[in-house]
Each structure stands twice: as structure tokens, then as C-alpha cells.
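User: I am new to this structure and would like to learn how to read it step by step. Could you take me through it?

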Amino acid sequence: MTGTVGQFLLRRRGGRGWHWTDVFTWVWLVGGLVLMFGPALWLVGSSFKSPAQLAEFPPTLLPYVSRTAVVPGHDKPLPLFVVKMENGETRELAEIRRIGIVAQMVDPAKPGEIVRVNIQNRTPAREIGLATGNYTEPFVHFDFLRYLQNSVFVTVVATLITLVTNSMAAFALSKYQFRGRSTVMLLILATLMVPLSVILVPLYSIISTVGLFNSLWGVILPTVATPTGVFMLRQYMLTIPDELLDAARMDKASEWQIYWRIILPLTAPALAVLAIFSVVWRWNDFLWPLIVLSRKEVYTLQVGLNTYAGELNVQWHYILAMTVVTMIPVVLVFVFLQRFITTGIAGSGLK
Amino acid sequence: MAGVLGRAAGVLAAPVAWAAALVDRPMRAWQNATGTNGMAAVFLAPNMLIFGVFVLFPLVINIAYSMTGGTALFLPDRTFVGAAQYERLLSCADYTDPKTCEEDQFWIAVRNTGVFVVFQVALMTVVAVVTALILNREIRGRSFWRAVFFFPVLLSPVVVGLIWRWILQRDGLLNAALFQLGFTPHVWLTDRFWAFAAAIGVSIWAHVGFYALIVLAGLQAIPKDLYEAAEMDGTKPGRVFWRITLPLLMPNLLVVIVLALIRAVQIFDEVFVLTGGGPGTSTMFLTQYIYEVGFASLLKNPGLASAASILMGGVLVVLTLVQLAVARRNEAKGKRQ
């Protein structure tokens with residue numbers, strides 16, 4: 001059986017044998033698989049571990065939780081331990097309390113009898129389980145729910161504004177002949193060279209002057225007039241035949257209706273790609289929100305995560321779980337929409 | 001799934017369509033007043049207004065900022081100092097040794113960025129080309145493998161930084177693996193050399209999939225009959241690579257390299273989360289210097305930060321012009337062939 005499976009897996013096209021390049025290819029691919037997904041999977045696995053488990057070295061592969069037992073006469077469930085008795089047998093006992101190096105333990109089956117055990121002779125009994133508190137507590141006790149809301153707000157609003165303003169500009173630049181059109185194109189092109197990191201200081205002062213410091217709108221507005229978006233949509237709209245517009249004008253359609261009823265629906269594929277890109281961009285933005293947002297109530301997830309991870313005493317169990325939460329939308333995009341992005345990049349080289 | 005999404009889109013679209021219909025009346029009035037071309041201005045206005053206020057205007061006044069001093073934020077409140085900020089940034093007794101410079105932090109950042117750019121871009125280009133060559137072979141499930149290498153590209157820099165901080169920390173996965181294999185664990189991120197290497201490695205990990213995709217598109221554009229001809233002549237695979245693949249890939253590769261250079265010069269986010277610029281200043285790069293001087297440190301100096309950002313912007317403009325020139329040359333070559 002294994003022989004046939006092996007034969008099937010190792011069979012080569014044309015029946016030729018294995019060349020060293022074939023071996024190298026599969027080593028590279030499988031190595032890539034481990035290296036690209038491994039760290040993220042390790043993060044997800046770790047995020048379900050309790051703080052005590054995270055402190056273990058070497059770490060366990062899977063998350064475990066301590067088992068507990070309800071013993072009559074005790075209000076709270078007691079932690080279970082596997083105990084090596086003096087006569088050599090092992091028993092599973094629940095710990096009542098610990099005094100120094102001696103633990104007072106009780107057998108759940110015989111609650112009356114108290115056993116004294118040296119703590120060196122016992123190991124916690126545990127089973128695979130998820131410390132889901134890592135996920136719920138940051139939302140309940142910390143501000144992460146607010147951060148999540150802020151991130152969603154920024155992403156959704158910025159993407160909507162990007163789609164509307166960019167498509168309107170692209171429509172004007174692709175379907176109208178007017179004086180100064182090439183100047184406008186050149187201006188937009190020129191700013192492709194100027195990333196946000198070059199204009200941080202003046203942009204910050206403008207945002208403060210118009211009162212958008214510590215406001216989510218201050219995060220949104222500077223990012224929405226993307227030159228890449230305008231270019232991508234314009235290229236696409238250039239392929240829409242002008243006759244279509246002329247026919248609509250014959251039927252007394254206004255220019256706004258032409259944009260709204262004809263151009264936008266026909267540009268839908270390009271708009272979808274831009275929307276996907278915009279969602280990923282805005283969700284992942286870090287440097288600019290870091291500068292504009294200085295009050296905790298307005299933090300986005302990225303800024304909040306960075307702040308908590310930068311504390312002296314990092315609470316990794318919360319940080320890891322919130323990192324996973326921050327990753328979820330992007331992973332969803334990856335799983336369902338990755339094809340659009342990869343073809344978009346291969347076609348135009350935008351990111 | 002698709003049905004639900006479609007219905008959701010329909011529900012969401014209804015008020016938008018209603019709003020658009022409402023807008024039509026004033027739009028029509030404007031069109032009657034200014035003619036069809038007047039509408040071009042209307043369509044351009046929102047984008048160009050935002051663009052002008054938040055991109056173009058800051059760009060212009062950045063130069064003014066770089067010539068002023070003091071800690072005031074509002075430009076009219078600032079005092080004119082001429083080229084003093086630039087002099088402060090650029091005055092150095094010995095340019096190879098940042099300690100002799102007036103603004104030593106800046107030169108440390110410049111040196112770090114320079115080293116980072118060279119190693120990161122070189123290594124990443126090699127990895128991207130190898131990955132693309134492999135993805136271009138006849139392998140089963142190619143689109144799956146292509147997606148594998150692309151996955152980290154979508155992750156946010158903060159997530160990337162935290163994932164690797166978690167793996168490289170003292171009790172992290174890497175040390176555990178080394179420990180199990182019998183090696184001595186090492187505290188990677190507090191070691192000057194290894195922290196820098198980690199910055200390079202992590203940024204390659206996060207971005208290589210993007211560049212591999214562009215190289216792959218270039219590889220797929222190479223005509224197949226060239227390879228068939230080479231096979232007929234019994235050419236060795238190595239020779240095929242150096243004589244056919246690489247020369248024909250070169251234009252594409254140049255674009256990749258310049259693009260990677262432009263990104264590497266601005267490196268900030270993931271390294272900042274990974275190392276915070278440390279240990280000491282060993283992984284502090286230019287953008288972080290600008291951020292620290294302009295915003296984060298107690299002794300804020302917006303003028304100095306803005307002068308530094310203009311110097312960095314100058315480098316980026318040169319690189320972009322190179323990129324455009326390369327792209328134009330590629331086009332011209334394509335026409336001649």
C-alpha cells in the first residue's frame with residue numbers, strides 16, 4: 001500500500017527519473033510552506049496557552065490546561081496532580097493547599113483522607129484544552145473592543161471614500177478632454193515618489209491645525225487620495241468604449257448618471273481589486289495612526305497592540321491572542337480573495 | 001455564501017443608489033451651466049481637494065519647515081534659520097565614523113539604513129528569483145504554492161514584528177529548537193549583530209512573495225520556443241539560465257530591484273515592532289530617526305526631522321527616476337525587437 005502511494009507521489013512526467021533540480025524544487029517548496037505558514041500557526045497555537053504554559057521552556061507544541069476535580073467539602077474545583085507515592089504506585093490526587101514543600105492532597109474518590117506529599121513527587125495532570133480567556137479578557141477588561149471598532153471604522157470608511165473619489169477622478173481623467181489634464185496626471189504621478197514618511201512633519205501640523213489630531217478622520221483623510229487607485233481605475237476605464245457614453249448622452253443622460261449608471265458598473269472588477277487592496281492597506285496601516293492617535297480611546301488595533309507589546313512587563317498571552325484577532329481579516333482576504341490580489345500585482349506591480 | 005453576499009450588497013446599495021439619484025439634480029444644473037467639460041472639474045474635485053490638502057501642500061511646506069527652528073508646530077510661529085538644520089545634519093569630521101558627527105544619531109541611522117538596504121535587497125532579489133524559477137516549473141498545484149509564498153505579504157507589519165518577536169525571544173521557538181538539538185540558546189534580539197540580521201531576515205520573509213510574483217510574471221513572458229530551441233541544441237540547463245532566462249528577465253529584475261530599494265530605504269514598521277530600534281541604536285533606521293526626532297522624543301525638533309525627511313525624499317526621488325528611466329528603456333527596447 002505505502003509502496004503504491006510512494007510510487008504515485010514520486011512518479012514523474014514522461015517517466016524520467018529524479019533530477020537534482022526536482023529534489024531542490026520540493027525542498028524549497030516544502031521548506032517555504034513550513035517557513036511561511038509555520039510562524040503564524042505557532043502564533044495561533046501559542047495564543048491558546050495559559051500564562052503558566054507560555055513560561056515553560058521548552059514549550060509544548062499544543063496548548064494544555066490543568067485538569068481539576070470537584071471534591072465534596074471544597075467550594076472551588078481543585079487542581080489535579082499525578083503523584084508518585086512512596087510505595088512506588090502513582091495516583092491522581094487533588095491538591096487542597098501547599099505548605100512549603102509539602103502539599104496536602106486528597107483523593108477525589110475518598111474525600112475524607114488527606115495525603116501529605118513532597119511537591120517534588122507530583123506533576124500537574126493536564127489535558128489538551130484552550131485558554132480562551134486570552135481572547136475574551138482583553139475585550140472585556142482592556143480597550144481592545146474599542147480598538148477593533150476603530151480599526152473597522154477606519155478601514156470601511158477609508159475604503160468607501162477611496163472608491164468614490166478615485167473612481168470619479170479616474171472617470172474625469174479617462175473620458176474628458178480638458179485643459180490641464182496632463183498637468184493633473186503629472187501631479188498625481190509625481191506623488192508616487194513621495195511616500196507618507198517623507199511628509200510626516202508638515203502633514204502632522206496640518207492635521208493638528210484643522211483639529212483632526214486624535215481623530216480617526218485624521219487617520220483616514222491623508223490616505224484616501226491614492227495615486228495607485230486613480231491610475232488603476234483610469235487604465236481600466238480607458239478600455240470602455242466612448243460610443244457607450246455618446247449613446248447615453250443621446251438618451252439625455254446627465255454626466256453624473258453616465259458615471260453612476262454606466263461607468264461604475266462596468267468598472268466593477270477593477271473597483272473590487274482596489275477595494276481589496278484598500279482594505280488590506282488601511283487595516284495594516286501603522287506609522288501614520290501611531291503619530292496621529294495619542295489617546296487610548298482612538299487607538300486602532302495595530303497601534304494598541306504595539307503599545308501593549310511595548311510595555312515593560314509584556315502580557316504575552318493577551319498580546320498573542322490579539323495579534324491573532326488582528327490577523328483574521330487579512331487571513332480571510334488571503335483565503336477567499338488571494339487570486340484577485342496576485343493577478344492585480346502581476347498585472348500592474350502595485351502593492 | 002455568494003447569495004448572502006449578493007443580498008447584503010443589495011441592501012447596502014439601496015440607500016447609496018437613492019443618494020446618488022438625489023445628487024443627480026444639482027449635478028444636472030451644474031452641467032447645464034458649465035457644459036460637459038465643467039463636469040470634469042466636479043469629478044476631479046473631491047480627489048484633488050484631499051490630494052492637495054493632505055499630500056501636495058504638505059510636500060511644499062515641508063521645505064519651509066526644514067528651514068525653521070524651535071519646537072512650535074504651527075509654521076507661522078516658527079523662526080527662520082536658513083540652512084542651519086541641514087548643516088547640523090551634514091556636519092561631520094569624519095563621515096565614516098558617526099561619533100564624530102554633530103548629529104550622530106542621524107548618521108548612525110544613515111549607516112544602518114545603507115547596510116540594511118544593500119543586504120536586504122540583494123538577498124531578497126536572489127530568494128525571489130529562485131522562488132519564481134521554481135514556481136515557473138511544471139509543478140502540481142502551482143497556484144497553491146504561489147499563494148504559500150505570498151501569505152506573509154498581506155500580514156500587517158505589527159503582526160509580522162510580533163510573530164517574530166515571539167519566536168526569537170529568549171524562551172521562544174528558535175531557542176527551544178536549538179536546545180532540543182543540543183545547541184546553546186542565544187538571546188537573539190539583544191545581540192547587535194543578530195538583531196540586525198533578524199531585521200533583514202524578517203523583512204525579507206514579509207515581502208519576498210510580492211517580488212517573486214513580479215519576477216514570475218517576467219518569467220512567464222519569456223517565449224517558450226527559445227527554450228525549445230535550446231533543448232534541441234542540447235544546451236545545459238545552467239547555460240540556458242545564464243544565456244536565455246537571465247538576460248530576458250533583466251528588465252523585469254531591474255524594476256524589482258529599484259522597487260525593493262525604494263521600500264528598503266523607508267524601512268520602519270516591522271523592525272520597530274520587532275526590535276524598537278535596539279539594542280541601543282543598532283537597528284534604528286532613517287524613518288525611525290525622523291519619527292523619534294519629530295514626534296516621539298522629549299526634545300522634539302520638527303525642523304530637523306523635516307530636513308532629514310527631505311534628504312531621504314531626495315534619495316527616493318532619484319531612485320524613482322531611475323525606475324522610470326528603466327521602465328522607459330524597457331519599452332523602447334520592446335519596440336525595437
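User: Into which domains is chain A divided?

Analyst: In this predicted model, chain A falls into domain 1 (2-45), domain 2 (64-128) and domain 3 (135-348). Taken over C-alpha atoms, the centres of domain 2 of chain A and domain 3 of chain A are separated by 56 Å.

User: In what sense do strand β5 and strand β6 of chain A pair?

Analyst: As a general idea, in a regular strand the side chains alternate between the two faces of the sheet. Here, strand β5 (residues 102-107) and strand β6 (residues 110-118) of chain A pair in the antiparallel sense over six bridges, and a hairpin of two residues joins β5(A) to β6(A). To follow the pairing by eye, find M105(A), which stands opposite V115(A) in β6(A).

User: How much area do chain A and chain B bury between them?

Analyst: The size of an interface is often given as the accessible area lost when the parts come together. For chain A and chain B that is about 9,100 Å², with 77% of it on carbon and sulfur atoms, and the contact takes 101 residues from chain A and 101 residues from chain B.

User: Which residue forms a salt bridge with D22(A)?

Analyst: The rule finds one salt bridge across the interface of chain A and chain B; in it R137(B) is the partner of D22(A), with the closest N and O atoms 3.0 Å apart. On the side of chain A that touches chain B, helix α2 (residues 20-46) of chain A provides the largest share, 18 residues, and the residues of that side divide into 71 nonpolar, 22 polar and eight charged.

Note on methods: Residues numbered from 1 in each chain as written. Chains lettered and ligands numbered in written order. Predicted model: local features only at pLDDT ≥ 70, side-chain atom pairs only at ≥ 80, totals over all residues. Heavy atoms only, no water. Domains from an automatic or database assignment. Pairing = 2+ DSSP bridges. Helix = DSSP H or I, 4+ residues; strand = E, 2+ residues; numbered from the N terminus. Contact = heavy atoms within 4.5 Å. Buried area = accessible area lost by both parts, 1.4 Å probe. Salt bridge = Lys/Arg side-chain N within 4 Å of Asp/Glu carboxyl O. Nonpolar A, V, L, I, M, F, W, Y, C, P; charged D, E, K, R; others polar.
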